[in-house]
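Here are my notes on the model, point by point. Please read them with the structure open.

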Amino acid sequence: MATREATIKRAEDYFDNGHFLAELERLIAVETESQNPDQRSELYRYLSKEITPLLDKLDIKSNIYENPDPAGGPFLVGERQESPDQPTILTYGHGDVIRAQTDQWQEGLDPFKVVTRDEKIYGRGTADNKGQHLINLAALSCLLEERESLGFNLKVIIETSEETGSAGLAQFFECHKDLLKADVLIASDGPRLQPDTPTLFMGTRGAINFDLSVNLREGANHSGNWGGLLADPAIILSHAIATITDARGQIEIPEWRPTSLTSDIKKILKDLPIDGGPEINLNWGEEGLDPAQRAFGWNSFAVLAMKSGVPEAPVNAIAGHASAHCQLRFVVGTNTDDILPALRRHLDKAGFPSVEIIPSKEAFFQATRLDPDHPWVQFTARSIESTNGNPPHILPNLAGSLPNETFSEILGLPTVWVPHSYGGCSQHAPNEHLLKPIVRDGLRNMAGLFWDIAENGKKIT
């Protein structure tokens, strides 16, 4: 007789017997750098030669679709239809990775070869996102092996352009709503709050990037001959940026201060841990909020890069131009249409009409959030607690950004994300890795969750 415990045991054996590492090695070996046009063929190879065979094991019929945006890579959509009376689960992953940065990895590591050292599994894409969607597909296989059916309908979407802003994903969803129709999205990306405790999040902060530029004259001029006579664009720009926040980084533009950090959301976020990264500056950011409330419930402004003159080889000259690449991360409750207009009004009022605002060509991510009391959230939390023995941390939204709005707004789905990584995984950096204990725990949790959906999912829908 098939049981929940036996399904979880299959997931444990899949990891303990080395099958997870063997399959992950094949996925990581495909050099799917979506930021590198020369690797475009690898995006197709990943979907056709690696993901399609994994889905075949689940008796999932899949097809590869061209991206409606020429800047984006292909999509794979798969479906297993068991019964119209059963709920339909949509799951997601992205097969592309950021640039390898090969020469910056530790000695003995190669971004496209899986290497294990102690509890760490190294490789580009292990955490973001090949390892994470492999965990979910493997857990589904364990369920199918045990029950000989899933007990629900399943749809899978794998994209290959997430690291370049999910180009074309929204257009694809708009054109294929029926193809992707489901009851809920259950997927994995991003980090846990703590390595030893599962996390759920139901949305993301949005992100908008832009440049601030002061362009006063062509070329540079000798600082001895002209110092004190020519306005310095770097000084003007620095003072302009300094008006956007106060000295501790608190946002000074009223329109950039969100309205959605209600007492209920504050309570959910209060005292949640933020571990696995650099030491937090407790006296930075919005006063009166704890770190989790600032990271997940508030907006943050950052200067990502600044330049004036030639920083790598300074000369005694006053530059004619200065620029800064900036970003606002924002939560639900921020008027996205007014972000840059509000900045323009603010800079003009502060006396900086010469500072130009240039919208970035990078993707604009919307902010999304699902009520933590939603039935699918509570169902998932109870299931994971039953498997893990501890309640998961629950976040209304991730601090980072994902194309969650394509699922929540275009497809109209409740979205539940169960990350299988942690904050110190070196995502988007050299030495990217997964932690073995999280992988094993993630396999167990997802196997249990999919079993519970098979047994009780009808009650939710």
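Buried means under 20% relative accessible area, exposed means over 50%, and partly exposed lies in between (1.4 Å probe, protein chains only). This is a predicted model, so local features need pLDDT of at least 70 and side-chain atom pairs count only at pLDDT 80 or more, while totals for chains, interfaces and linings use all residues. Residues are numbered from 1 along each chain as its sequence is written, and side-chain values use heavy atoms, with hydrogens and water left out.

1. Glu 432 and Arg 124 are both buried. Their side chains meet in a salt bridge, 2.7 Å from N to O. A salt bridge here is a side-chain nitrogen of Lys or Arg within 4 Å of a carboxyl oxygen of Asp or Glu. The two residues are 308 apart in the chain. Glu 432 lies in the loop between β18 (421–422) and β19 (433–435). Arg 124 lies in the loop between β5 (120–122) and α4. Helices (H or I, at least four residues) and strands (E, at least two) are DSSP runs, numbered from the N terminus.

2. **What does Gln 101 touch?** Contact means heavy atoms within 4.5 Å. Leaving out residues up to four places away in sequence, Gln 101 touches Arg 124, His 428, Ala 429 and Pro 430. Arg 124 is the salt-bridge partner of Glu 432. Gln 101 itself sits in the loop between β3 (88–94) and β4 (115–117). Its relative accessible area is 27%, so Gln 101 is partly exposed. Lys 349 is 248 residues from Gln 101 in sequence, and 43 Å from it in space, C-alpha to C-alpha.

3. **Backbone points to check.** Most residues other than glycine have a negative phi, and most peptide bonds are trans. Ser 426 has a positive phi, near 60°, and is not a glycine. Asn 431 is also not a glycine, and has a positive phi of about 65°. Ser 426 is in the loop between β18 and β19. Asn 431 is in the loop between β18 and β19 as well. Ser 426 is partly exposed, at 25% relative accessible area. Asn 431 is buried, at 14%. The peptide bond from Asp 128 to Asn 129 is cis, with omega near 5°. Asn 129 belongs to the loop between β5 and α4.

4. **Helix α1.** This helix covers residues 4–16, 13 residues in total. From first C-alpha to last, α1 reaches 18 Å, close to the 18 Å expected at 1.5 Å a residue. The expected span is 1.5 Å times one less than the number of residues. Which residues of α1 are buried? They are Arg 4, Thr 7, Ile 8, Ala 11, Glu 12, Tyr 14 and Phe 15. Seen down the axis of α1, these fall within an arc of 155°, so they line one face of the helix. The arc is taken from the directions from the helix axis to the C-beta atoms. The buried residues pack against α2 (19–28), α4 (130–147), α11 (375–388) and α13 (436–456). Just after α1, Gly 18 takes a positive phi of about 90°.

5. **Other salt bridges.** How many salt bridges does the structure hold? The count is 20. Arg 45 pairs with Glu 42, with the closest N and O atoms 2.9 Å apart. Both are in helix α3 (residues 40–57), and they are 3 residues apart, so about one helical turn separates them. Arg 45 is partly exposed at 34% relative accessible area, whereas Glu 42 is buried at 13%. Glu 174 pairs with Lys 177, with the closest N and O atoms 3.5 Å apart. Glu 174 is partly exposed at 46%, and Lys 177 is partly exposed at 38%. Salt bridges with shared partners also join Glu 23, Arg 26, Glu 50 and Lys 57 into one network.

6. **A nonpolar surface patch.** Ile 274, Ile 280 and Leu 282 make a nonpolar surface patch of about 250 Å². Patches are made of residues with over 30% relative accessible area and no salt bridge; like charges are joined within 9 Å, and nonpolar side chains (Val, Leu, Ile, Met, Phe, Trp, Tyr) within 5 Å. Areas come from the Shrake-Rupley method with a 1.4 Å probe, and for residues only the protein chains shown count as cover. Ile 280 is in the loop between α8 (263–269) and α9 (291–297). At 33% relative accessibility, Ile 280 counts as partly exposed.
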